[in-house]
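Q: Could you take me through this protein model? I would like to begin with the overall picture and then turn to some details.

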Amino acid sequence: MGEFFDLKYESAVDRMAREGVSRRDFMKFCTAMAAALALPASMAPKIAEAIETRKKPVVVWLEFQDCCGNTESFLRASKPTVAEIVLDVLSVDYHETIMAAAGHQAHAALDGVVKNLKGQYIAIVEGSIPMKDGGVYCCIGGRSAIDIAKTVCGNALATIAVGNCAWDGGLPAAAPNPTGAVGVGAAVPGITLLNLPGCPMNAENLTAVVVHFLTFGTLPACDSKGRPLFAYGKRIHDNCERRAHFDAGQFVRSWGDDGHRKGWCLYEMGCKGPSTFANCPTMRFNEKTSWPVQAGHGCIGCASDNFWDTATPFYRRLPNVPGFGADATADKIGVGVVGAAAGAAIAHGIGRLMSGKKDEETSTNRREEG
């Protein structure tokens with residue numbers, strides 16, 4: 001890795017000044033991280049202090065059966081940029097895609113971290129791990145993925161599985177799963193593991209996890225599947241900007257129809273938002289400018305368990321969502337809303353009619369008395 005990673009000993013403040021990053025921009029980043037972690041804005045100074053003063057966690061990034069999509073997401077991250085993540089927040093000592101070293105030199109860098117920093121580094125895993133036939137379907141430098149994972153993840157302070165393939169096997173594990181692909185948790189049970197599913201994961205969620213670790217010295221609270229609650233604690237459906245159209249019974253029925261042009265709900269076109277837990281509507285992508293549903297495409301449920309098998313076909317309406325009853329609601333809510341509105345209008349009209357008759361009778365009686 002050479003001189004590049006000697007920069008990790010430079011303070012974050014000096015590094016930012018040298019790169020022309022203003023204090024104002026840095027505090028904006030800290031405030032954004034507080035928001036991502038569902039923390040009050042008042043926590044921004046504490047986050048800033050942690051990044052400035054605490055030793056950067058050493059990270060090794062492993063790639064196995066994958067499409068490199070999560071690395072691509074990482075490289076295209078903004079606020080911070082990948083350079084800021086690598087040099088100011090993390091000390092990435094091994095990453096096959098972005099490291100300068102290659103071959104034996106690269107493997108020596110990884111082995112050095114495992115040997116000299118046992119229990120002190122964070123392992124990030126991208127891609128599934130094949131278990132069939134002794135793991136021969138994914139080998140790096142003559143070692144199988146399962147062997148590497150057991151050694152590296154087994155000696156790490158914590159492991160972060162990024163993307164669906166590392167979480168539950170993803171596409172390689174889809175039926176019939178010829179290589180016996182599994183996620184990190186199944187391949188190396190018993191390790192401290194945090195999962196960031198998605199295809200790919202949102203790089204800002206990864207940054208937020210690291211910032212949480214720097215600030216509080218622990219990984220964020222997770223659900224029963226090891227997913228951080230700040231990122232996967234709410235359904236996409238509940239935060240979707242098209243939710244009002246769902247409640248009003250306004251659905252896109254075919255691509256390019258009038259409802260599609262007006263931005264109506266995509267549930268009828270197969271959107272899996274009612275069954276998927278992720279912060280896509282609030283975190284978004286591409287510098288927070290958009291996300292698939294905003295762009296006009298339904299959610300495919302890529303943050304859900306085994307979504308290649310359970311969420312397909314992607315363009316067919318969900319047959320049933322446990323605990324939600326979305327079909328019944330989607331079929332009836334529009335009629336129900338109209339019916340309720342009509343009923344309210346009728347009741348209001350009858351009330352006004354009765355009130356009018358009563359006023360008329362009172363006026364007549366007064367005239368007769370006069």
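A: The questions below go from the whole chain to a pocket, a helix and a single residue. Please note that this is a predicted model.

Q: How many helices and strands are there in the protein chain?
A: The protein chain has 17 helices and nine strands.

Q: And what share of the residues counts as buried?
A: Of its 370 residues, 47% count as buried. As for contacts between residues at least 6 apart in sequence, 73% join residues at least 24 apart.

Q: Now the second largest pocket: which residues lie nearest its centre?
A: Those are Pro200, Cys280, Phe285, Pro292 and Cys302, out of 26 lining residues. The space in this pocket is about 390 Å³.

Q: What classes of residue make up that lining?
A: The lining has 17 nonpolar and nine polar residues, and no charged ones.

Q: Which domains does the lining draw on?
A: At least three residues come from domain 1 (2-232), and at least three from domain 2 (236-310).

Q: Changing topic, which residues of helix α7 are buried?
A: In α7, residues 145-154, the buried ones are Ala145, Ile146, Ile148, Ala149, Val152 and Cys153. They lie on the same side of the helix, because they cover an arc of only 155° around its axis.

Q: What about Asn205, buried or exposed?
A: Asn205 belongs to helix α10, residues 203-216. Its relative accessible area is 2%, under the 20% cut-off, so Asn205 counts as buried.

Q: Which residues is Asn205 in contact with?
A: Apart from neighbours within four places in sequence, Asn205 contacts Leu196, Phe230, Ala231, Tyr232, Asn279 and Met283.

Conventions: Residues numbered from 1 in each chain as written. Predicted model: local features only at pLDDT ≥ 70, side-chain atom pairs only at ≥ 80, totals over all residues. Heavy atoms only, no water. 1 Å grid on protein atoms, 1.4 Å probe; cavity = no way out; pocket = protein on both sides within 12 Å on 5 of 7 lines; lining within 4 Å. Points joined across faces, edges and corners; volume = space filled by probe spheres on them. Nonpolar A, V, L, I, M, F, W, Y, C, P; charged D, E, K, R; others polar. Domains from an automatic or database assignment. Buried < 20%, exposed > 50% of the residue type's maximum accessible area, 1.4 Å probe, protein only. Helix = DSSP H or I, 4+ residues; strand = E, 2+ residues; numbered from the N terminus. Arc of directions from axis to C-beta. Contact = heavy atoms within 4.5 Å.
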